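Hi everyone, thanks for coming.

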Amino acid sequence: MSSQDHPVSSFKDIIKSSWPYALAVAIIGFISLWIRTCPSATVFLSDGSVRFTANDAWFHMRTLRVLLENYPHRMFFDPMTNYPNGSYIHFGPLFDQMMAITSLILGMGHPSSHLVDTVGAYFPAVLGALTVIPVYYIGKYLGGHKTGVLAAILIAFAPGQFLTRSLVGFTDHHVAESLFSTLFMMFFMLALISAKEKNLRFEDVFNKKFTVLKEPFLYSVLAGVMYSAYQLSWPGGSLFLLIVLVYAVFQYIFDNFRNESSDYLGFTGVVTCLVSTILILPFVHPDMGFSLYYYSWFHVVTALGTMVGFAVLSLIEREFKRKKMKTYYYPLIILGAGILGLIFIKILSPSFYSLIINAPSTVFGIQHGGPSTIGEASSTFYDDGVFTMSKAYEYFTPTGFFASLLGMFILAANLFRKPKTQEVLLLIWSLLILFAIYGQNRFAYYYSINVSILSAYLGGLLLDKVKWKELDQKFSTVKSPADIPKVLKFIKVQQIFAILVIVIFLIYPVYGSAMAYTKISNGTPSPWVEACDWLRSNTPDPGMDYNAIYEAPKNGEMFQYPDTAYGVMSWWDFGHYIETIGHRMPNANPFQAGIGGRRVSINETNQPGAATFFTAPSEEEATAVLKAIDPRPDKMGARYVIADAYMATVMFEAMPAWTLDTDGYYQAYWTGSQYQSIPSTRYFNSMEAKLYIFDGNSLKHYRMVYETDTHQSNEVGYKQVYNYFYGGKLSETDTGYVKIFEYVKGANITGTASPNETVKISTTILTDKGRTFEYTQSTTADSHGRYEFTVPYSTDGGPVAGETQFDTAPSGPYVLSYGDTTKEVKVSEEAVLKGEEVKA
């Protein structure tokens, strides 16, 4: 009898399969690990440094180092980001703890910085390779060893987000989510199969029938442990509680229509949720209330609520059967109980009710406005409002994606017969994750698991048609490698043909796509590493203990920063680079903190932040944003501003999207054959364009202090548009990819000329890379002939101790001109920093 017919016979059958299949899974796992370490040459650089390949990877390495510095205490609040507010850390603690323990063991209690980097870089690859194990077992208990091995092969080669997020250097918790959620589903599935096979009843609990309870109880406990591990990797793990609860409702209904007991289901659900509740409780932060994004009472209440849901469904079923009610009333009673439960929650806790009601739209709904520009949060099936399958094909391959849909169709058709519990669970699980990727493509790495299992399920059905079970039974007699050739002679032509179909349509597409993914270099842009290294070495120390653990401020209070603290303004994507590589405090970060703008409607007031700063139509409005960021008197929200070519070109459209005011930045231009979108006057008036495209020319309080080497971008194209359409005279060449500007009070150059006369001032700026550009201003003298310029660059003395150590500066004094008069003006650094007056 195969495992397909008799799914669970003993614990040994789960832990130790017949050795040929165990060997096959081990080999597949090592191949999976090899694939994930292929890009190591782009991660481990020749100078010994490690270049992590994800924004959040840098922050995970920061939290890891703080953890090791203060072990076993972990940072929960980080004042070194989202200045001047700081950010609560929503990352789950488990991923960092696993890396920390590994580092401590390998480093014998004192791991070196390079060892910690190495562990961090390889960790996602190891977790990704380990995922083949639960995928194999889920496949095995759906269709036997053949389905399990095929599922393991498919997930080992699965391309798209699952692969990219488990490549070496992508040190983020996403792969831990995939591994532990799959382990959770595996053990939950095994608990259901075991409990149903043993015909478990609640009476067995009271009668202490340990022979019946032992195996289902063990699997249920392990399911609870794995769910907790999943949730401690990501606070949004309640998604899988929703999946099992929805599954339970359907399974109770199906069992009732077949007049079967669902006690096995209630026992499994109650034990699993009880274990997860106990394990998550120590990590709850009571001050977070019922937050979905931080470990709060929400995570305890949802686990308890799901446990109560299983208990109530079992109670309803028992009462229903005791009273011998008509079958079709059962779904109506469940629906009524659900509605009453929601009414009760709304009365008891309106905020928790609102969270429950809105959570599905957050996960399954398509985002709009600023959130729609977040790569992870955008829909898999829509691009700029247009339906497309391109992402689905890219992440899963066309054959893999449609195989998953066909697999779900077959599972759904089985519902009209007598489906196995594992088939119903897989169907509900896959459908809800499919809905999730419709809302947010971040869940694509989850759906890769489903695609692999569903595709393997199809392949297993094909092999069943060619009597693979007979060959499977032959393999089960293999005792040593020498026996394998004896078995191979029993392979039939139709079986070989079926294997070729599986290889051509299922395995080869994912293999080819995976190999292409391993050749893509998506590491941190080297100009950003260069810029942040400069920031760390050449800007004043903000006066914070970088590796200390700080207490979060009380509700309504601001964190108390030292007077030397300051922020660094840039777009939110780059906040972790600034903090982790530059050891400086960004105003905005990839937690979507500090972005500002509007979140609800165009009538809402624009909040100060990165979006409102970079889209500001004037220097005065941009500076007002910086002042509004920090409400303390005489404090600026940021001292430095970093702009790059990507922000100024491809990424710029995301900035006004957060302000809900996107019109007018680009206009259609007829090229003679088609319309092309080109930047408009409103774009060139934005602060981002003023800083990057125009090098800060004419700005009074912002001076460039550093630029990196050039890097491929669309900068020249934007300059060509400005010169051709708006009469500009910009040099049509690439400049530094990342540019750092400093906000200064500026020296006030004053003088007199003829009344109402135009006065100009200019100087040539020489950057640290040897590039030159002109800095100019013009004004009109008043009726008394007085004029004034505020200039941000000093021409004498260079940088002063304790301040910015810049190499970008004027190559000579300012030149003032009006009428026939020309004069030179020198400005000291002290005058620029203190806002002093300089007589012309």
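Let's start with a helix pair: helix H15 (residues 297-322) packs with helix H16 (residues 329-348) at an angle of about 145°, and their axes are 11 Å apart. Helices here are DSSP runs of H or I with at least four residues, strands are runs of E with at least two, and both are numbered from the N terminus. The axes are lines fitted to C-alpha atoms, for helices over the stretch in contact, and angles run from 0 to 180 degrees between N-to-C directions.

Before going on, a word on the source: this is a predicted model, where local features need pLDDT of at least 70 and side-chain atom pairs count only at pLDDT 80 or more, while totals for chains, interfaces and linings use all residues. Residues are numbered from 1 along each chain as its sequence is written, and side-chain values use heavy atoms, with hydrogens and water left out.

Which residues meet between H15 and H16? From H15 we have Leu313, Ile316, Glu317 and Phe320, and from H16 Tyr329, Tyr330, Ile333, Ile334 and Ala337; contact means heavy atoms within 4.5 Å. By class, that contact has 8 nonpolar, no polar and 1 charged residues. Here Ala, Val, Leu, Ile, Met, Phe, Trp, Tyr, Cys and Pro count as nonpolar, Asp, Glu, Lys and Arg as charged, and the others, Gly among them, as polar.

Now the domains. An automatic or database assignment sets the bounds, giving domain 1 (174-364), domain 2 (526-742) and domain 3 (744-839). Between the C-alpha centres of domain 1 and domain 3 there are 69 Å.

Next, a sheet. Five strands make an open sheet of mixed pairing, in the order S6-S5-S7-S11-S10; two strands pair if DSSP finds at least two bridges between them. At the edges sit strand S6 (585-586) and strand S10 (702-707), each pairing on one side only. Inside the sheet, strand S5 (residues 567-569) runs parallel to strand S7 (residues 640-644), joined by 2 bridges, and Met569 stands opposite Val641 in S7. Helix H28 (residues 619-629) lies across S5, S10 and strand S11 (738-743), at about 80° to S10.

Last stop, a hairpin. Strand S17 (residues 814-818) and strand S18 (residues 821-825) pair in the antiparallel sense over 5 bridges, and Leu816 has Lys823 in S18 as its bridge partner. What sits between S17 and S18? There are 2 residues, and Gly819 in the turn has a positive phi of about 60°.
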